[in-house]
Amino acid sequence: MTSTTVAPPTKSKLGRALKGPLSGRAAFPLVCLAVWLLSIELVASIWPFAVDVLPTPWQVAGFMWDEITGQTLAPNNVYATFLISLQRLGIGMVFAMLIGAAIGLAMGLSKSVNAFFNDWVVAVLAMPNLAWALFCSLAFGFGDIGPIVTVVLTGVPYVIINVREGVRNAPTDLYDMARAFGVPRERTIRHVLIPSLMPFLFAAGRYAFALGWKGLVVAEVFGGQDGAGWTIKFWYDAHRAYGVIGYALLFVVFALVFEKFLFDRLSRRFFRWRPDANGGDVAEEPLDPKQSAKEQRSTRHG
């Protein structure tokens, strides 16, 4: 009696391509475009007077191209606008990371400090960006200080929470080893605690950047004389919906570029010490359990 082996069905190249990640990424904007066009038709059928207000994708794309090529009616083009906002965001991020890391580190190392700050950190964490933007606009008026303070107040609580949890999740075995060898507390913090905090600091920076950017834009809408938020308000006051949507999409493009070319590269640089899951040494032949450890090492290394 002979047995026949049935070969598994092979998938076509088209089927593999349709199920791949590239097709999924390409399908999402197409679906959004279809929903956009259908929404315009639906709204126009219910409120015909809204046809002149709703922008089409082609109008928004034309506006974005004019902004990118520098043909804009706004006081500043998109490059100058984003540069102004990025300067404010960078200054606010530096203060947020420094203040948040110091307080979070103290809260993680001391129960009394944690009890002192915990309730207030939770209260600040629950405060919406709009409230901080309005308060800073009233307190500091027009200019750079209000948006920068908004970024700091928005990002600090997230940095504090992440750093505190990072201290609590630090490897206790390394602490015990340092204590057993009599390593001073300052050196333990520098060589054990700080490296273990890097993933939490990186996550805190991403959260603070995303939320601080939103708070900055809102602060510039109410208390700015330039910047990305003020430019959105400029197109809103001009009753140009395609300008508002176009700048919103420019924010999306900016966030994707920032994530790809900054945070991903920083992540690879900061965490290059992590072992590669596929980069481990593989023994070319099984070790003989009857061999001594010395013979096994000599066999592997030469």
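Helices here are DSSP runs of H or I, at least four residues, numbered from the N terminus.

The model is predicted: local features need pLDDT of at least 70, side-chain atom pairs count only at pLDDT 80 or more, and totals for chains, interfaces and linings use all residues. Residues are numbered from 1 along each chain as its sequence is written, and side-chain values use heavy atoms, without hydrogens and water.

I then took the geometry. The axes of α4 (residues 78–109) and α9 (residues 185–223) come within 7 Å and cross at roughly 140°. Axes are lines fitted to C-alpha atoms over the stretch in contact, with angles from 0 to 180 degrees between N-to-C directions. The pair is therefore oblique (under 35 degrees is roughly parallel, over 145 roughly antiparallel, 65 to 115 roughly perpendicular, the rest oblique).

I listed the contact (heavy atoms within 4.5 Å). α4 contributes residues including F82, R88 and M97, and α9 residues including R185, L201 and W213.

I checked the annotation. The unreviewed UniProt entry gives "transmembrane region" for spans including 89–109 and 188–209; such annotations may be inferred rather than shown by experiment. Residues 89–109 are 100% helix, with end C-alpha atoms 29 Å apart. Residues 188–209 are 100% helix, with ends 29 Å apart.

Last, I read confidence (pLDDT, from 0 to 100 per residue). The chain averages 77. Over residues 276–296 pLDDT stays under 50. Where pLDDT is low, coordinates should not be read in detail.

Notes: Helices (H or I, at least four residues) and strands (E, at least two) are DSSP runs, numbered from the N terminus. pLDDT is the predictor's confidence in each residue, from 0 to 100.
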